[in-house]
Amino acid sequence: MPQASRPGPLSRGRHETPEERADRLWLELLQELRVVQTGVQILFGFLLTVVFNPRFAELSQADRTIYVITVMLGAATTGILVGPVAFHRLLTGRRLKPQTVEWASRLALAGLVMLLCTMASALLLILRVVLADSLAVWLVMAMVAWFALCWFALPGLALRRGTREARPGDREER
């Protein structure tokens with residue numbers, strides 16, 4: 001029986017082998033991806049239908065450019081968030097689960113950044129149609145700041161706080 005790793009500040013007393021830890025982290029990542037992929041698929045599907053709306057012909061060239069950028073960002077976001085599945089499928093059975101989880105996690109984080117860009121672009125397009133251009137830009141910047149706070153800054157603060165509160169002898173083994 002493999003020796004279990006020592007509990008560390010992030011494992012909170014879990015006694016699991018590196019393989020067990022990789023399995024747990026993989027399942028957690030899959031759950032997270034299921035949540036975000038649903039939203040991305042709905043957003044991307046909506047974007048694909050916009051061009052067939054009769055009012056699309058009335059958009060300015062700038063708004064059409066924003067639309068094209070938004071659709072491309074949506075496609076790229078979808079691709080990067082499906083990436084972890086491809087990683088797993090191609091590497092399954094090669095005893096690379098910890099590395100697969102690490103790379104899949106990086107892809108998921110990059111996917112969140114891409115999702116932020118896609119949402120900002122979609123908001124800009126929509127708000128430019130209904131508001132003055134300058135107000136639309138300010139509202140989009142406010143929403144980008146909000147998403148960045150919720151998605152990146154708050155978890156970063158929690159991590160720093162948790163690291164400070166951890167006991168000096170605790171270290172997570174990789």
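A salt bridge here is a side-chain nitrogen of Lys or Arg within 4 Å of a carboxyl oxygen of Asp or Glu. By that rule, this structure holds seven salt bridges.

Ground rules, quickly. This is a predicted model, where local features need pLDDT of at least 70, side-chain atom pairs count only at pLDDT 80 or more, and totals for chains, interfaces and linings use all residues. Residues are numbered from 1 along each chain as its sequence is written, and side-chain values use heavy atoms, with hydrogens and water left out.

Now the fold. The protein chain has four helices and zero strands. Helices (H or I, at least four residues) and strands (E, at least two) are DSSP runs, numbered from the N terminus. Along the sequence the pattern reads α-α-α-α.

How much of the chain is buried? Of the 174 residues, 30%. Buried means under 20% relative accessible area, exposed over 50%, and partly exposed in between, with a 1.4 Å probe and protein chains only.

Contacts next, meaning heavy atoms within 4.5 Å. Take those in the protein chain with a separation of 6 or more: residues 24 or more positions apart account for 69% of them.

On to the interior. A nonpolar core is a set of buried Ala, Val, Leu, Ile, Met, Phe, Trp, Tyr and Cys residues joined through side-chain atoms within 4.5 Å. The largest one has 12 residues, including Trp26, Leu81, Val101 and Leu115. Helix H1 (18–50) and helix H3 (97–130) are the elements that give two or more residues to this core. H1 gives the most, with seven residues. Apart from this core lies another, of eight residues, among them Phe56, Ile66, Tyr67 and Leu125.

Look at Leu115. Leaving aside neighbours within four places in sequence, Leu115 is in contact with Val36, Val40, Leu43, Thr77 and Trp151.

Then Gly83, in helix H2 (residues 61–91). Gly83 counts as buried because its relative accessibility is 16%. Its C-alpha atom is 9.2 Å from that of Gly111, 28 residues away along the chain.

Back to the charges. Which residue pairs with Lys97? Asp23, with the closest N and O atoms 2.7 Å apart. That pair links distant parts of the chain: Lys97 sits in helix H3 and Asp23 in helix H1, 74 residues apart. Lys97 is partly exposed at 23% relative accessible area; Asp23 is partly exposed at 36%.

Glu16 bridges to Arg24, closest N and O atoms 2.7 Å apart. Both Glu16 and Arg24 are buried. With Glu28, they are linked in a network of salt bridges.
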